Amino acid sequence: MADDAYGVGIGWRPEISGFVAGLPGLRFAEVVAESVHAHGDLPEGLPQLLDRGVTVVPHGVRLSLGGAEPVEPERVTHLAAVAERLGAPLVSEHIAFVRAAGVEAGHLLPIPRSREAIDAVVANVARTRRELSVPIALEPIAALFDWPDNELSEADFLTEILDRTDALLLLDVANVYANARNRGEDPLELLGKLPLDRVAYVHVAGGAEHQGLYHDTHTDAVPRAVLDLVAELCARHRPPALMLERDGDYPPAGELRAELDAIAAASGYPAIT
Amino acid sequence: MEDTWGIPGPTFLIGYVIALIAIAVIAAVNRKALFRGDRNARVDDLGPQQIAYLNGGDRLAVYSSIGGLRAAGVLGTGAGKTLVQTGPVPSGVTPLDSAIHHAAGNQARTRYLLEDQWVRAALDDLRAGLERRGLAVSRDTVKQARMWAWATGALTLIGVLRLFAGIANDKPVEFLFILIGVAVLTTIVLARTKRVATTAAITGLRQLRVQHGYLAPQQSPAYATYGAAGAAMGVALFGAASLYAMDPAFAAEAEIQRIAAGGLAGGSSGTAGSCGSSSSCSGGSSCGGGGGCGGGGGCGG
Amino acid sequence: MTGDARGGDHPGQPGGAPESLATRQARLVDALTSGQPVPDGFDLRKVDAARVALLRKRAGEVARQWPMLAASFGERWKPSFAAWAAARPTQGSLRDGWDLARDLLSRDALPATAGEELAEREARWSYDGASAPRPRRGPAVRSAAGAVVLQIAGRVRVIRRAA
């Protein structure tokens, strides 16, 4: 297991591609699938990363796997083509929906934890997997609100989806923390019930509190509590890769490096900086 | 009817064309040699302001310094579009940085920086150093290159004299007229020769631009992450558009001119271009890019 | 992706029966993007927090695509954009910014610094306001808020700057 572990990685973004290129120990990165052309030039800086042997996983954000409507075939085709271009060992997407009846929400929205919603996700993942030649990992999102008609606990809901789709789990520790905090629950409780052996890799991100709610912003520093959760997770079952996800308000390079080092320290993987 | 000046029209025209071509070819060869610079000169160890000078002359060197000072948080804008200091000058800066920071202390406007005596002195030093290294073309060399305009100018004069003589002689002058036009254009081009970087430097700059492609404004570089040196280098390699990408309000207030640099299209920051043309942006919404899954929102992935 | 999934009863569902997932998802999206009421049963405060967060995220994305437009608002950018966009679902950040800039221009409220940016885009792209902008083939001259811009063969020159 330790041999094929990637260790600490980072979400590749064009804004910080120069920083990512300068990480000597990097072996794992993730790129937003929709920002990569299926056939045209790869984004500036990404080819050099691939040449170095860094594994780059496409991360879809607009497939809308949790939508009641079937996934749009051209989006699935694009995701599959990008995975092939990057030579990625897997792809990832969210358990969420981003549009309904032709209207874009502009963001990942939660779905009800109901049988009907599970059926929708399972059908959409099946449609997606038919075109993919690599496995897919599903990421539960952070939601500021819940649906009123949740039938299942989050753990049961996720486990059933994973069982029925045979997908891997992309566990976002910051999402687990955010949801637990906003619902007044204990994040460790959810960790204890999830199939940790199916975790393909882990997201770690920062957030901030506004008016009593914790927002998973990806534009703030990673809080200590999230790093503690990383340490706890790795003590129970260390996933093969953990990556920092930052989407804006990028801090000075020193701070980004410190965050990567903190994730390395919490997980026990070597520092990549 | 006698030939004008005793030379038949076709013979004169052929001779005129040959002379024009000969001068153009010799001038081109000579200019190439003049502008070649030191082939072994390196650009890797140059600072951003030196690179900026090679890429866009005095003005871009000033802009690169402004970019670095702004990223370091010590430069801002005040009333009347003047520059102001917002902090003490950082340690280890270049003489040009110090001069601009000092000028900002006197509420200088960006466009008058080139007339400031300290800024001027710093730029002259910077240029002289680059000339010694065979990277910058000296003003004398440019003057030398412009000398060829005298040759084509003389040819133009001969043509004009022949034109008048020919008209007086009632000869057809249409072809001559066209050739004179060509000679005039060539003269203008030669007389207006401008050159900052040697061929050696331009080759080096091209490599630097590839190497630092992540600083191109189309990438919306995270200047905070790359620091003051990265900001200055971005401006140096990719022009004033980098200043607008970094801090649009400041750049507009400081009256930064969107001059072209390094063959970039004049002025456009091209941010729209990175999106609209892409076929992979299925659905047309948001087109990948900055999206990500968190971003200010409460429902991150 | 059918339009009828949005309003009222879903076809095939007898009146009074629970609404389909598609209908309920569409109602939620409408509440978050189009100023429609929040469906029954949701925590109003939390859904509203998500709605506001979403608008702020959109404002950031549009600012990335339209830096001068956003900069011309200064500190007021996020609230101003949020107010404008509250009942307008996103068409992508390029078009959102474009629509806002045109809207401001039509009300003579487009700041001069943003005029050049708009004129540049208008000269470079042809945008019908309803579908993705396309690059212009021919040359074009466009003006906005005092700025005049010329585009030939994809190269853009500012002919006149806004005062």
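Which exposed residues does the face of α7(B) turned away from its buried side carry? I began with this question and recorded that this face carries B:E174, B:I178, B:G181, B:L185 and B:I188. I took a residue as buried if 20 or more other C-beta atoms lie within 10 Å of its own, as exposed if 12 or fewer do, and as partly exposed in between, with C-beta atoms placed from the backbone.

**Conventions**

I noted that this is a predicted model, in which local features need pLDDT of at least 70 and side-chain atom pairs count only at pLDDT 80 or more, while totals for chains, interfaces and linings use all residues. Residues are numbered from 1 along each chain as its sequence is written, and chains are lettered from A and ligands numbered from 1 in the order in which they are written. I used helices (H or I, at least four residues) and strands (E, at least two) as DSSP runs, numbered from the N terminus.

**Helix α7 of chain B**

I looked up the buried residues of α7(B) and found B:L176, B:L179, B:I180, B:A183, B:T186, B:T187 and B:L190. Seen down the helix axis, the buried residues of α7(B) fall within an arc of 125°, so they line one face; the arc is that of the directions from the axis to the C-beta atoms. An α-helix has 3.6 residues a turn, so residues three or four places apart point the same way.

I then checked the length. The 18 residues of α7(B), 174-191, should span 26 Å at 1.5 Å a residue, and the end C-alpha atoms are 26 Å apart, which agrees. The expected span is 1.5 Å times one less than the number of residues.

The buried residues of α7(B) pack against α1 (9-36), α5 (139-146) and α6 (148-168) of chain B. Two residues are in contact if their C-beta atoms, placed from the backbone, lie within 7 Å.

**UniProt record for chain B**

An unreviewed UniProt entry lists residues 12-29, 148-167 and 173-191 of chain B as "transmembrane region". Such annotations may be inferred rather than shown by experiment; positions follow the numbering used here, and feature names are shortened. I found residues 12-29 of chain B to be 100% helix and 0% strand, with end C-alpha atoms 26 Å apart. Residues 148-167 of chain B are 100% helix and 0% strand, with end C-alpha atoms 29 Å apart.

**Nonpolar cores**

I counted as a nonpolar core a set of buried Ala, Val, Leu, Ile, Met, Phe, Trp, Tyr and Cys residues joined through C-beta atoms within 7 Å. The largest has 198 residues, of which A:A29, A:V56, A:V173, A:V204, B:L54 and B:I100 touch the most other members. Apart from it lies another core, of 15 residues, among them B:Y16, B:I23, B:A151 and B:A183.

**Chains A and C**

I recorded that 25 residues of chain A are in contact with 28 residues of chain C. On the side of chain A that touches chain C, β6(A) supplies the largest share, six residues.

**Chain C**

Chain C has six helices and five strands. Buried residues make up 47% of its 163 residues. I found C:E120 in helix α6 (residues 112-124) of chain C. Is C:E120 buried or exposed? C:E120 counts as buried because it has 27 C-beta neighbours inside 10 Å. The C-alpha atoms of C:E120 and C:P135, 15 residues apart along the chain, are separated by 12 Å.
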